[in-house]
Amino acid sequence: MPPTTARERARAELTAEITDLARAQLATVGAAGLSLRAVARELGMASSAMYRYFPSRDDLLTRLIIDGYAALGDAAEAADDPAAAPRDRWLGICRAVRAWARAHPHEYALLYGSPVPGYSAPRDTVPVAIRVGAALGRVLGDAARAGQLPPAAGTPTGALAPGVAPVLGGDHPDIDDRVRARGLLAWSGLFGAISFELFGHFTGAVADADAFFDDAMRDLAGLLGL
């Protein structure tokens, strides 16, 4: 619900200003160096006043993480065209995720880079963190319901947690844990490819990053039978 009173609007505006400055800090000092005192100095306010908005650095980090996952989820969902073929939907989502990561490398590093020493993300980050996976899972589920997803060969091993099913395609006779395991592998493969690119691990190995990425995502789609 949007703020309605002048006091609420002022608080929302200052909170947004704090998070914008903290986001800029990520580019200069990284998540581990994020400091409420430094943000307070930038704003010209006492550090004690800052704690009325974010009681600790961890609270500010959590806000940045949730905002980052939400923005990434928005990009993935906006790129999905339910009228397109499953393979094209898959590739469109993957391209959008990569484009967001390339445009926001420091936020991406906060989400998928090295853990921040001393920080443990709370459970309320999970629903927003799985939005990309859920978007990819909808492609799987829609393909199955349209009769366009062949069942995976082999016997399910029981290695997956029960909570994976609603995210990766939902319930359908053609989606068992073997299919979901491949979906999880493809999901992690998407972020592995992006991380290798952004963190410089493809240097000297990949000459055309765009072509390599599209080829890799098509291979992952093929793994799923899309």
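**Helix packing and salt bridges**

Student: At roughly what angle do the axes of H1 and helix H2 cross?

Tutor: Helices are DSSP runs of H or I with at least four residues, strands are runs of E with at least two, and both are numbered from the N terminus. An axis is a line fitted to C-alpha atoms, for helices over the stretch in contact, and the angle, from 0 to 180 degrees, is taken between N-to-C directions. The axes of H1 and H2 (residues 36-43) come within 10 Å, and they cross at roughly 115 degrees.

Student: What kind of model is this?

Tutor: Residues are numbered from 1 along each chain as its sequence is written, and side-chain values use heavy atoms, with hydrogens and water left out. Local features need pLDDT of at least 70 and side-chain atom pairs count only at pLDDT 80 or more, while totals for chains, interfaces and linings use all residues, since the model is predicted.

Student: How many nonpolar, polar and charged residues make the contact of H1 with H2?

Tutor: Contact means heavy atoms within 4.5 Å. H1 contributes Leu14, Glu17, Ile18, Leu21, Ala22 and Gln25, and H2 contributes Ala38, Val39, Glu42 and Leu43. Ala, Val, Leu, Ile, Met, Phe, Trp, Tyr, Cys and Pro count as nonpolar, Asp, Glu, Lys and Arg as charged, and the others, Gly among them, as polar. The residues of this contact therefore divide, under that scheme, into seven nonpolar, one polar and two charged.

Student: How many residues apart in sequence are the parts tied together by Arg131 and Asp74?

Tutor: A salt bridge is a side-chain nitrogen of Lys or Arg within 4 Å of a carboxyl oxygen of Asp or Glu. Arg131 and Asp74 form one, at 2.6 Å from N to O. Arg131 lies in helix H8 (residues 131-145) and Asp74 in helix H4, so the parts tied together are apart in sequence by 57 residues.

Student: Is Arg98 buried or exposed?

Tutor: Arg98 is in helix H5, and its salt bridge with Asp210 has its closest N and O atoms 2.9 Å apart. Asp210 lies in helix H11 (residues 209-224), so this pair ties together parts 112 residues apart in sequence. Asp210 is partly exposed, at 44% relative accessible area. Arg98, at 8% relative accessibility, counts as buried.

Student: Which residues are linked in a network of salt bridges?

Tutor: Side chains of opposite charge can pair when their charged atoms come close. The count of salt bridges comes to 17. The residues linked in a network are Asp20, Arg23, Arg63, Asp67 and Glu107.

Student: Which residues does Thr19 contact, leaving aside neighbours within four places in sequence?

Tutor: Thr19 is in helix H1. Thr19 counts as buried, at 2% relative accessibility. Leaving aside those neighbours, Thr19 is in contact with Phe54, Leu60, Arg63 and Leu64.

Terms used
Buried means under 20% relative accessible area, exposed over 50%, partly exposed in between (1.4 Å probe, protein chains only).
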